[in-house]
Amino acid sequence: MQLPPIATTTVGSFPRPGWLSDRDRSEVKFRLEGALLREAQDDATIAILHEQERVGLDILTDGEQRRPQFINHVLAAMDGFDLVNRRDKAIRRRTGVERPVPRVIGPVRRRSVAVVGDLLFAKAHTSLPVKMAVPGPMTVVDTTYDEFYGDEEKLAMDVAAALNEELLALEAAGCDVAQIDEPAMTRYHEKAAAYGVRALDRCLEGVTIPTIVHLCYGYPGAGKRQHEYEYPELLELLMKSRIGGFSVEFARSGFDPAVLGVCKDRLIVFGCVDPGDTPPEPPEKVVARVRAALDYVEPERLLLAPDCGLMTISRELALAKARLLVQTASELRRNL
């Protein structure tokens, strides 16, 4: 995979067209069923791939157009989860808010492919590199209600083994970059130290393509700022793992990019654009944000992205923000 310095990509999700689904926060409900739904998802995937190409992104995603939710789409291919009869649970350390989550009702095992078919379809409709994402073990633990294991570490390691099978299958199918989404890691540094890093490494056994862990703070919402738990100790901890790089938030967080100095030879997917329902920032402001990161990360290791997925905003705004990434990278490359 050949990329320019300061390459561009996105975290993964794009808005679903209105004719495909309705959305409630970060979960969607599809308007169709059966063969009609599969055809509509195919059409939506082709549309978002071509829109990303026209914008000029360097690494594409399928926009997650087939996923009702970023975790459950993958859990549906595993044994051990009940996605229908859910239980309420507070997640992401937000103790005052509960939401219905899948139940863990038996041993977790990978039953069938989860996103390999999504990858193959995307690869058939673009010649550019494609990145695919799966939820990480800590985030699956955090976003399910355990009625079987009674031990977070055991559950995480079985999830990791199942995800490892999926990642190996993605690599065999031609995936260019694999991403593991771990918003739970940003909230639970103590759990990352206790078992999260080992579970992450279990996901990656035998995987040789570039791998990224997405250390996000969630989709933008009406609640309070989500960045109480900062990166320094977490990045130092994860540098002991075999992960190939980090996808990190700097647009919304206001974090000092000096924290990236510990990342040495790892790839950095630098969140430099706010993924929320706000107007795109002036290009010169985003350029300055990225230029500060270049004091700590070589251009060949730096990829630009929004902080998080773009599914919660309009299609027009999502593409405008993707276009801002490309404009920023182009401006910075001129001065390398």
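How many residues of the lining of the second largest pocket are nonpolar, polar and charged? In this predicted model, the count is 12 nonpolar, one polar and two charged.

**View 1. Lining of the second largest pocket.** The volume of this pocket is about 170 Å³. Its lining comprises 15 residues. Met1, Leu3, Ile59, Leu267 and Leu303 lie nearest the centre. Strands β11 (267–273) and β12 (302–306) are the elements that give two or more residues to the lining.

**View 2. The open sheet of three strands, β4-β5-β7.** Pairing in this sheet is mixed. β4 (78–90) and β7 (145–146) stand at the edges. Each has a single partner strand, so one side of each is left without a neighbour in the sheet. Helix α5 (residues 152–172) packs on the sheet and touches β4, β5 and β7. The direction of α5 makes about 75° with that of β5.

**View 3. Pairing of β4 with β5.** β5 covers residues 98–110. The two strands pair in the antiparallel sense, over eight bridges.

**View 4. The hairpin of β2 and β3.** Strand β2 (residues 21–24) runs antiparallel to β3, and four bridges join them. Asp22 has Lys29 of β3 as its bridge partner. Two residues lie between the strands. In this hairpin, Arg25 takes a positive phi near 55°.

Definitions and conventions. Residues numbered from 1 in each chain as written. Predicted model: local features only at pLDDT ≥ 70, side-chain atom pairs only at ≥ 80, totals over all residues. Heavy atoms only, no water. Pairing = 2+ DSSP bridges. Contact = heavy atoms within 4.5 Å. Axes fitted to C-alpha atoms, helices over the stretch in contact; angles between N-to-C directions. 1 Å grid on protein atoms, 1.4 Å probe; cavity = no way out; pocket = protein on both sides within 12 Å on 5 of 7 lines; lining within 4 Å. Points joined across faces, edges and corners; volume = space filled by probe spheres on them. Nonpolar A, V, L, I, M, F, W, Y, C, P; charged D, E, K, R; others polar.
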